[in-house]
Amino acid sequence: MKAGVRSCVLAVCFASLPIVAHAQWQAIETVKTYAVAGKSGAELYESIGGRGPEVGSKVRAIAYTGFKLTWTRKYEPQGDACVLVSAQPKLIITYTLPKPAEQLPVSTRKSWDTFIAGVHKHELVHGDMIKDMVKEIEAMSVGLTATDDPDCRKIRNDLTKRLSEISNKQRQRARDFDKTELSDGGNLQQLVLKLVREQ
């Protein structure tokens, strides 16, 4: 099965409107690997097609960028309104990349190193997109106000609606990026061809 490169986004919760200065946060980024077999570039790529992480409708990917996002929020009733006064994210991004199970011949190792460096760079772009999304969520969250909401219930519905908008925008951005990278002459397509040809 031919492998593709996809990025996955998980559902997150968020809010709206920047008013208060935001606390500084840093994403936690980790790399994990899955083993691929073969001594040649073609064999390694074939193994990726059979062992790569499943994405979407059970399509095998070369690599995968996933994340877990949680929030610590403070809601504050102010008269008959509710204000989201703080929203602190905790973001963990995990990059899943292929790794040869055994030592490669020198010529194959050289093309593999070029290939995996390019794939990793591609996935880091997906990671940056996820971080951009979280920053947008944070900026829109702090200061969000719902009127006639002294129990801070209506504001949560507002957040859910805004979540869908930002999340969908991030997914589309990731899909567009992958489409360009995997198109004829695209960066990932070229990386795959050079690996298989061991250039």
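Reply:

Lys-169 is partly exposed, with a relative accessibility of 46%. The model is a predicted one. Lys-169 pairs with Glu-136 in a salt bridge, and their closest N and O atoms are 2.8 Å apart. This pair ties together distant parts of the chain. Lys-169 lies in helix α3 (residues 154-182), while Glu-136 lies in helix α2, 33 residues apart. Glu-136 is also partly exposed, at a relative accessible area of 28%.

Now stay on helix α2. It covers residues 106-141, which is 36 residues. At 1.5 Å a residue, the helix should span 52 Å. Its end C-alpha atoms are 52 Å apart, so the two values agree. Just after α2 comes Gly-143, with a positive phi of about 100 degrees.

Helix α2 holds another pair. Lys-131 forms a salt bridge with Asp-128, with 3.4 Å between the closest N and O atoms. The two residues are three apart in helix α2, so about one helical turn separates them. Their surroundings are described by two values. Lys-131 is buried, because its relative accessible area of 17% is under 20%. Asp-128 is partly exposed, at 40% relative accessibility. Shared partners extend this pair: salt bridges join Glu-29, Asp-128 and Lys-131 into one network.

One more pair is Arg-60 and Glu-54. Their closest N and O atoms are 3.5 Å apart in a salt bridge. Glu-54 is partly exposed, with a relative accessible area of 46%. The count for the model comes to seven salt bridges.

Terms used:
Residues are numbered from 1 along each chain as its sequence is written. This is a predicted model: local features need pLDDT of at least 70, side-chain atom pairs count only at pLDDT 80 or more; totals for chains, interfaces and linings use all residues. Side-chain values use heavy atoms; hydrogens and water are left out. Helices (H or I, at least four residues) and strands (E, at least two) are DSSP runs, numbered from the N terminus. The expected span of a helix is 1.5 Å times one less than its number of residues. A salt bridge is a side-chain nitrogen of Lys or Arg within 4 Å of a carboxyl oxygen of Asp or Glu. Buried means under 20% relative accessible area, exposed over 50%, partly exposed in between (1.4 Å probe, protein chains only).
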